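Please have a look at the model below.

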Amino acid sequence: MSVFGVDFGNLNSTVAITRFGGIDIVTNEVSKRETTTIVSFTDGERFIGEQAYDRYVRNSQNTIFLLKRFIGMRMDDPALELEKRFLTCEIKGDDEGRLMFGVNYCDEFTYFYPEQVLAMLLQRLRSYVNEAATTDPKFPADVRDVVLTVPGYYTADQRRRMYQACEIANINCMSLINEGTASSVDYGIFRESSLKDTEEEAIVVGILDIGYGATDFSVVKFWKRNCKILARTFDRHNGTRDIDYLLYEDLAKMVQEKYKLDVTGNKRARLRMLQAAEKLKYLLSANQTAPLNIENIMDIDINIPSFERATLEALGAPMLDKVRAVIERGFAESGVAAAQFHSIELIGGGCRIPMIKRMVEETFGRAPSFTLNASETTARGCAVVAAMLSPKFQVREFKITELPTYPVMLGYTVENPKTPTTVPFLPEVNKVVSLLGPKDTYPKLLEVTIPRVGPMKIYAFYDPESSNVKMQNLQKEYVIGEWEIGAPSKPQGKVRDTRLRVNVTMDATLRVENAYVVDVFEVEVTEDGKPNPEKPDEPVEKVTVKKEKHKQLEVSVKPNLLINGHAPEAVVKFRKDEEVMAKRDHEIIRTREKKNELESYILDFRPRFAEGGMLADYLDAAGKQKFVKQCDDDEQWLYDDGESADYAEYDKRVQALRAIGDAAFNRHRLRDDVEFFIKGYKERLEAVKKMAYDKKGAAAHITDEELDAAANKVEEAIGWASKELQTLQNTPKDKDYDFTVEQMKKREEEVTIAVRTVVNKPAPKPKPEPKKEEPKKEEPKKEESKEGEAEAKPAGDDLD
């Protein structure tokens, strides 16, 4: 029983699993704690993660990288020009202008949406989780509940597409969570003992995430069992890859000058140079100087003996200025001065670069803190939130108070509004109210009153006057929701305002939970009239009066599912396509494993039947000749016609070889096992026989005949085994003989139980002695005559 969280990154993705033992980071097939966010396609197969990264350079035209940058992107997005520096595959727009990747897959050129590619990655990440969660191979785990991170700047459309990617991958996404918020959860929930009890005493911490493609700064207030986002600033076009690219451009100039070689015009050379620039950045983060060596790039070996850190810092100065601007905006928007911060936690890949550490210290006035794991904290926070949302776990209470990135407005149409409002992209709207202002918080449930009755349409949209909305250039992404409100059925009187319950969830999406109108009508009721003051003794008469009553009437709410994300029928199709591709991948992997099994069996067993081989004596001459010939034929077939055979053909050939090779190996193994086991077998039975002899004379209720009979059973078992071993050793090695270790184990157990039954026989209970009858005591008989005399004496005395 597990849930998991995924930190979906530009360069790498990290997975954390929550189970009863706590939270663990899941490793991939090469034991890395981070999986490269990349997918590569070949003529018949998909490679995901580390396998795809190995093919990145040589199969770049069919490889999709930096997937996070393209979720929900349009072809006319100005940011696309920045991304083309790193794009290696073909792209095109669909009928609505949404970006699609073009790759050669299964011998045809195919286009995929970024969400489809993300579903492929999620499937692979889930396979790692299932492997980690499986405790018994007979019962493999099937974990499907997940929480995903998204950048704080993702719009409602992008967030909807993230949910749809999970649907395509057949995964239950319980919620999305902003990256900075996930890190805040990881920070706050494990520091409860050191936090104050009230918000007034809370500490303020800045969490600066310098990632591969973007920079995010969250100002968070922490107190016991609470975290509250005070400000969130970001630059979605400034990350460590920008340093890589500036370094690449400088290196390309140096190569041009030194080797007269232009690497910018060759795609493969350019990618190799970018990878070399990234590696050089890592080296210069730990050293003052580092060499650059690239072998065979456009038939030339590039060697730059020394590259200095000072050059890197000079190239990276523009990037540092942008990061500083993000931090300063965070200070300003939160209203908290730098001196009032408890600390600034530095996370992300950029936190390891010395010039960034130095710049943060200069801006903050103090050295940054590194108490969070730079690469794993976001995934761990995701896993904690997944456990909080799952009914499978009981997690300590921890309240998250979010801050909206984009203010949200609600628009509708009313007749003769007092203060009409115009919305250029929604001409039918003439009245607007604010749902989420820049300083509002969520999650929360809002009740909105509209002074009219349906049917009508209402719209939720981002405030076009917001600075964040303008900065992100969301011209075609303003509207984030549309709902059709129905008319009330069978009202009894005059219907007044329509009231909506709007739920702003933790993932920053809006849902109109329900809507109702107030039906105002009159009813006649009987009540006591006023008493007559002049005649107080008269009874008060009943009177009928009319009273106004209010009643809530539910009205229908129908959302427009085409506003955000893909159409529902498209998601169903994508899911079916993904199932077909996953099944194909499984069959390819299964076939490849069987092919490798056939090849390894040939290479492993054929030498064993050669002269002097381990199994040479365990198969007759004809059998050896047949086996070796079959191995030769299968090997030749493997490298000719069998290169692309199906699973059934490989399996048939493997089973044919095993029928001969395994039989010989089993005969060899049987002799070794029997000869090894029989030594201990005899020693253990001798100890059992000694136990029987030691019991002689020690217990009167056990006769020597019983003990001798038990010892004889031991002798018979030892003799039987020795005789069978002798027969086995005299049998030709290439012949089967029915004498196994299991038979000896069974005989040993039977004999041991029989001897112990005799040795441990309980003594009989002593017979109870018969009770001696005690003689009855005779009661003295009373003599009547004496009693009469005794009674007469007093009379006699009286007479005297």
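## About the model

This is a predicted model, in which local features need pLDDT of at least 70 and side-chain atom pairs count only at pLDDT 80 or more, while totals for chains, interfaces and linings use all residues. Residues are numbered from 1 along each chain as its sequence is written, and side-chain values use heavy atoms, with hydrogens and water left out.

Helices (H or I, at least four residues) and strands (E, at least two) are DSSP runs, numbered from the N terminus.

## The sheet S6-S5-S7

Let's start with an open sheet of 3 strands, ordered S6-S5-S7 with antiparallel pairing. Strands S6 (46-48) and S7 (63-65) stand at the edges with a single partner strand each, so one side of each has no neighbour in the sheet. Strand S5 (residues 38-41) pairs with S6 over 3 bridges (pairing takes at least two DSSP bridges), and valine 39 has isoleucine 48 in S6 as its bridge partner.

## Threonine 240

Threonine 240 lies in helix H6 (residues 240-259). Is threonine 240 buried or exposed? Threonine 240 counts as buried because its relative accessibility is 4% (buried means under 20% relative accessible area, exposed over 50%, partly exposed in between, with a 1.4 Å probe and protein chains only). Among the residues that threonine 240 touches are Tyr212, Lys281 and Met319 (contact means heavy atoms within 4.5 Å).

## Helices H13 and H15

In H13, residues including Arg590, Leu598 and Phe605 meet H15 residues including Tyr647, Leu657 and Phe665.

Technical notes: Lists of a residue's contacts leave out its neighbours within four places in sequence.
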